[in-house]
Amino acid sequence: MEKIVIEGKKKLSGEVNVGGAKNAVLPIIAACILNDGENTISNVPDLADVRTMMKLLETLGAKCEYADGELFVNSKTIDRYKAPYDLVKTMRASVLVLGPLVARFKKAEVSLPGGCAIGERPIDQHIKGLRILGASVQLEDGYVSAAAEKLEGTTVPFDLSTVTGTENIMLLASLSEGETVILNAACEPEVVDLANALNLMGAKIEGAGTDIITITGVSSLGPLRDYRVMPDRIEAGTLMIAGALNESDLVIKDCRFEHLGALTGKLLQTGTEIEKNGDSIRVRGSGEIRSIDFSTLPYPGFPTDMQAQMMILMCVADGMSVITENIFPQRFMHTAELRRMGADIKLVGNSAVVRGVAEIRGAPIMASDLRASASLVLAGLCGTGRTEVSRIYHLDRGYEKLDEKLRSVGAGIWREKE
Ligand code: EPU
């Protein structure tokens, strides 16, 4: 196993590129199950989660090849319909094969994802959507087992906004009969990217990006040709926080400013300077970071996937900040580690009260989940002395070479064997 070692307090400057979005490419790979052709996807980040999704499709019988950001998926050879526990337990997004398998083969068995470091994550809304469209769904021996004779479009009203739930039902409805209307659909840009990819395959999806999505089912879908995955807004946001720390000056390239509205608004309030220039964003950190309050919300609100990273900025800000986590109320595993570095954080229900301190001190710390591990790396960047982050396999699930990217703009960061 490897750990990341950081010598903190270095001012970063220069340009850094953002890769393709993890949470867009995973459903798009699952969408390849819907056709029986040769699919090509570009701007695919080299991430452990992408490898897991490839392995899952190969377990179903597909052939996948990945090199230099290009992914090839031949889904003609799919002849198995079971997503085993071993894969699902390492990546909850495996549940995204449920919709496409039932849509194309009228059957699927997907292990129920178990506990998760960021809290309880039920999939009742996915199951409700499958049943509404006509599938019979059973929960047996830790698996969701679904079968359908006929899938008929109708209205699917979600009780809450769910990203992968919306994606699963979009995938399912693309090959169902008639019109499906998803009410209370998730509006995240990754949902739009999936809809764009599906429409290129021949699907008929309208309204993605709003809370009402209409899908007119078609009888078959063609392969996806050279689809370019959208830039990762969470990687971009994480790099923006790196730019806001230590009075750094970073130009973050290949990102979409319009996807980063809530974060940009909050960063401006802290005194960070932000400038958009085409598909680049320049971020200049202030010598006096102001504390602000924020609450996580579905898009276009402040993303839960940025909560841990923004918290580290509040740890070194002037004043008190109240951070409320509305999406995953227990997503605070990083706070105990940040306290070990001298941060002043108190948890009250689903809120964290953070009092800015003069100094964060380097320490050995342990990553617990993907975004928490990014916040620990950021903490190391602004901490005095040496920080060692262990269990960084969490980081590698969703950030492509974050350490190398940060080193290229002046961070003292490298990997060592544990
Ligand atoms: N929920 C239910 N029932 C459901 C589905 C969701 O109660 O059937 C609840 C969840 O427990 C949560 C809320 O609804 O309280 C929203 O969860 P959502 O379903 O939107 O989350 P997800 O689809 O499982 C995706 C991302 C997460 C991101 C969340 C929220 C992917 C592969 N994952 O998860 O990304 O945090 O949306 O934006 O798209 C990450 O990248 O680190 C990550 C965890």
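Author: Buried area is the accessible area, taken with a 1.4 Å probe, that two parts lose on being put together, summed over both. The structure above is a predicted model, in which local features need pLDDT of at least 70 and side-chain atom pairs count only at pLDDT 80 or more, while totals for chains, interfaces and linings use all residues. Residues are numbered from 1 along each chain as its sequence is written, and side-chain values use heavy atoms, with hydrogens and water left out.

Reader: What makes up domain 1 and domain 2?

Author: The bounds come from an automatic or database domain assignment, which gives domain 1 as 2-19 + 231-417 and domain 2 as 22-228. Their C-alpha centres lie 30 Å apart. Where contact means heavy atoms within 4.5 Å, 20 residues from domain 1 and 20 residues from domain 2 take part.

Reader: How much area do domain 1 and domain 2 bury between them?

Author: They bury about 1700 Å², with 53% of it on carbon and sulfur atoms. On the side of domain 1, Y299, F328 and R397 lose the most area to domain 2, together 34% of what that side buries.

Reader: Why is the pair of E190 and R233 called a salt bridge?

Author: The term asks for a side-chain nitrogen of Lys or Arg within 4 Å of a carboxyl oxygen of Asp or Glu. The closest N and O atoms of E190 and R233 are 2.8 Å apart, so the pair meets the rule.

Reader: Which elements give two or more residues to the side of domain 1 that touches domain 2?

Author: With helices (H or I, at least four residues) and strands (E, at least two) taken as DSSP runs numbered from the N terminus, these elements are helix 12 (370-382) and helix 13 (393-398). Helix 13 gives the largest share, three residues.

Reader: How do you know that E2 and R415 form a salt bridge, and which parts of the chain does the pair link?

Author: Their side chains meet at 3.3 Å, N to O, which is within the cut-off, and therefore the name applies. The pair links distant parts of the chain, as E2 belongs to strand 1 and R415 to strand 24 (residues 412-417), 413 residues apart.

Reader: Where is P300 found, and what kind of peptide bond joins Y299 and P300?

Author: P300 is in the loop between strand 18 (294-295) and helix 10 (307-315). The bond that joins Y299 and P300 is cis, with omega at about 10 degrees.
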